[in-house]
Amino acid sequence: MEFGPHLLLAVLEGLVTASILSLTAMGLSLVFGVMRVVNVAHGEAFMLGAVLAWWVTGLVAGHPAVGFVLAALTAPLIVGALAAASDRLVLKRLNYDPDRTIVATIGLLYIAQQTTLMTFGPDARPVEPPFNQRIALPWLERTEEGWTWFYPWGLSITSYKLFVIAAAAAILVAIWLVITRTRAGLLMRATQQDSETAQAFGIPVGTVYSVVFGIGAALAALGAVLVVPIQQAHYLMGGEPLLLSFIVVIIGGLGSLPGTVIAALLIGLSDGIISVFFSPTLAKIIATLLVAMVLVFRPQGLLGKAQT
Amino acid sequence: MPLTKIDRRSTLLGLGASAGALAMGTRFTHAQSAAPIKIGFQKHATGIGAAYGRWYDATTQAAAARINEMGGINGRPLEIVIEDDGTDPKRGAEVLEKFASQHECDVAFGTLFSHVVIGSAPRAGELKLPYFVVSEGHHVASGMLNRYTLQPGITDVKSQVQSMAPFVANNLGKKVTMIYPDFAFGHDHRDYFSAAIAAQGGEVVAKIAIPPTETSFTRYFPQIPRETEVIYHVMVGPAVLTFVKEMGEFFGPSRPEIFGFIDSLEAVAIDSPGLEFLEGTYFWEGAPRHAQANQTEYDAAFRAAVGVDDRGASVDDPRDISTYAHMFGCWDTLNVIKAGMEASGYRGPGDRAALIEAVEAMTDMPLGMDHPTGAKLFNGKTHQAFGEQHISRVEDGNLVVVHTASIEDGLYEDEVDYTTQSF
């Protein structure tokens, strides 16, 4: 493939990765920012979202869009409720002790994974996209008659992938509005800044924690619902989003939402471009190297505030 | 007695098997010992091989039930002891150890993924535990493993691709781009198909290796050179459907000829949404998933015993597709173990060497209920079986066999003589 079309394809693929990643990483970042909990089970919320999407779409007959919309509404809710419940049942009992919550969320990871294996089974299951047209993209070429358009082999995207990019952007704007413009967002920000003072001012910190943990998981689940018509639901699919989310959150700055989006774009696009032109393994190596560099030279992340 | 951990599943299975054995008590009384013959089944219950593991299990249970109905082996009932290897080589070796020392199994059996076989076989040799793999990998016949490792139930990759190459070169095209998983099994495909297509006057113009845990594939397809006439694909793992779908989206309406190993779609329905572009493409199949017009009575009986329908789906759930092109290997292998134990008068672990010698002495394995999907020819020196291979074309969402390569098409010169190795 020629360089130009090749690069365009890489950028488009990278944008899809970045969109999903920014939603998933946003959930992880929110939970860490407000609760100071490193949620190792975050990838399993992603997996549960995908599996539930498969299950919900299987329940309704008719046009695939009906099932998809239903899945987009219910799967994040169910996953969020499960996460909020596990916050009440497990994390709260540990007083959000940083070390013990890591161990506890590792336990939650295995419970989610094995329960899914025992019920849903080991197979990868497809979800039909609500719409999916292949859109061939044209490219300019200089011929004897001057510049002409042509359609290079393989340069294409599907309408569904474009929708994923748009949907992720819309959801991110919505989250930003909720956090900056609503009372719920105010409570979250107050709890994030100083949970003890917030409690002294009558903010129900326990409830805020449960809600934030639920929202964090629901965001991962929503990302999974968006991605599952492209990939398939599988009980081991939570590993990669977890790893990439950690990379994004560390680079962007723990708890910084704009930083998370910027880092997700950076990692998603570089992953897309490097893996198309070189190898996917090299893309992972560079992402990990970037994490190491950030930790050495700017431990608070690109947009994180230094701890005082 | 050391404190040991037995998982619930194997305990339940053990209970079930014991109850079954009790119920059949009278039928086994003529044997000197009515204690069961224990077959350790190294199952990919979790990990990237889990879809195969589940169907290998179903096939194994069906084959064991049939053997027990016929009176067992040497008058003794057969008991399948299951351990999950997580499709992980390190765990695989540990599982063999459990079979040998904890469960006191007579033989181990049933591994598919080549990296698990390669990781486990040396331990089988050390434990002197006969290890019957159902893996397709060329590592048995290449001489890489040892005298305790045998593959009598399924043809190896080298033989498969050798018998496919003439069809590809003569009917589809001579410039081939290969897409394969980046581990031993994929490398077998790469090496032996490159050689086989060169022998037919063709060439491999690009080799695209994909990590086995990859979930997104569009990024690899730009490496396919424009001159490609045929895509040769063989993928495994949970993301196979994504792979095939994204390949269709990449090419759109102007695709080259496509020849794939059904591994790329095992456990996936051929009429899944997004796979319409596969219409008119070709697949290798070890056994045809969709019942053909000339289906034998044995194939029909085999489907009934395992519980799959004419489209290779579970009779309970038509959305649950089996790994039909591979799983017969478990059925065949258990019957080979039975024949070997009977020929050698096998009584216990002391007779393991005699069992291996008895299997090594086997040659023709005719079509019949013991080998319901096709006859095989076993080479005792290389420990490898050879069977007929099929090429199916997707026509109206059906896999229709258009070419069957004979056993002779897949034969190659011996690369090892395991019978000269000591026990």
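This is a short tour of a predicted model, stop by stop.

**Stop 1: the two domains of chain B**

Colour chain B by its domain assignment. Domain 1 covers 8-155 + 325-387, and domain 2 covers 158-293 + 388-410. Their C-alpha centres are 30 Å apart.

Now look at where they touch. Here 20 residues of domain 1 of chain B meet 23 residues of domain 2 of chain B. On the domain 1 side, select helix 2 (50-69), helix 4 (114-127), strand 5, helix 9 and strand 13 (384-387) of chain B; each gives at least two residues to the contact with domain 2 of chain B. What classes of residue make up that side of domain 1 of chain B? There are 10 nonpolar, 10 polar and no charged residues.

**Stop 2: the sheet in chain B**

Stay in chain B and show the strands. Eight of them form an open sheet in the order 2-1-3-4-5-13-12-11, with mixed pairing. Which strands stand at the edges? They are strand 2 (78-84) and strand 11 (364-365) of chain B. Each has a single partner strand, so one side of each has no neighbour in the sheet.

Next, select strand 1 (residues 37-43) and strand 3 (residues 107-109) of chain B. This pair runs in the parallel sense, over three bridges. Pick B:F41 and look across to strand 3 of chain B: its bridge partner there is B:F109.

**Stop 3: where chain A meets chain B**

Show both chains. In this interface, 27 residues of chain A are in contact with 25 residues of chain B. On the chain A side, select helix 1 (3-35), strand 1 (134-136), strand 4 (156-158), helix 10 (257-277) and helix 11 (280-297); each supplies at least two residues. Helix 1 of chain A has the largest share, four residues. By class, this side of chain A has 12 nonpolar, 10 polar and five charged residues.

**Stop 4: the largest nonpolar core**

Finish inside. The largest nonpolar core has 204 residues, and A:A53, A:V212 and A:A221 have the most contacts within it. Helix 8 (residues 205-227) of chain A gives the largest share, 16 residues. Domain 1 and domain 2 of chain B both contribute residues too, so the core lies between them.

Zoom in on A:V212. Beyond its neighbours within four places in sequence, A:V212 contacts A:L30, A:V31, A:V34, A:M35 and A:M188.

Note on methods. Residues are numbered from 1 along each chain as its sequence is written. Chains are lettered from A and ligands numbered from 1 in the order in which they are written. This is a predicted model: local features need pLDDT of at least 70, side-chain atom pairs count only at pLDDT 80 or more; totals for chains, interfaces and linings use all residues. A nonpolar core is a set of buried Ala, Val, Leu, Ile, Met, Phe, Trp, Tyr and Cys residues joined through C-beta atoms within 7 Å. A residue is buried if 20 or more other C-beta atoms lie within 10 Å of its own, exposed if 12 or fewer, and partly exposed in between; C-beta atoms are placed from the backbone. Domain bounds come from an automatic or database domain assignment. Two residues are in contact if their C-beta atoms, placed from the backbone, lie within 7 Å. Two strands pair if DSSP finds at least two bridges between them. Ala, Val, Leu, Ile, Met, Phe, Trp, Tyr, Cys and Pro count as nonpolar, Asp, Glu, Lys and Arg as charged, and the others, Gly among them, as polar.
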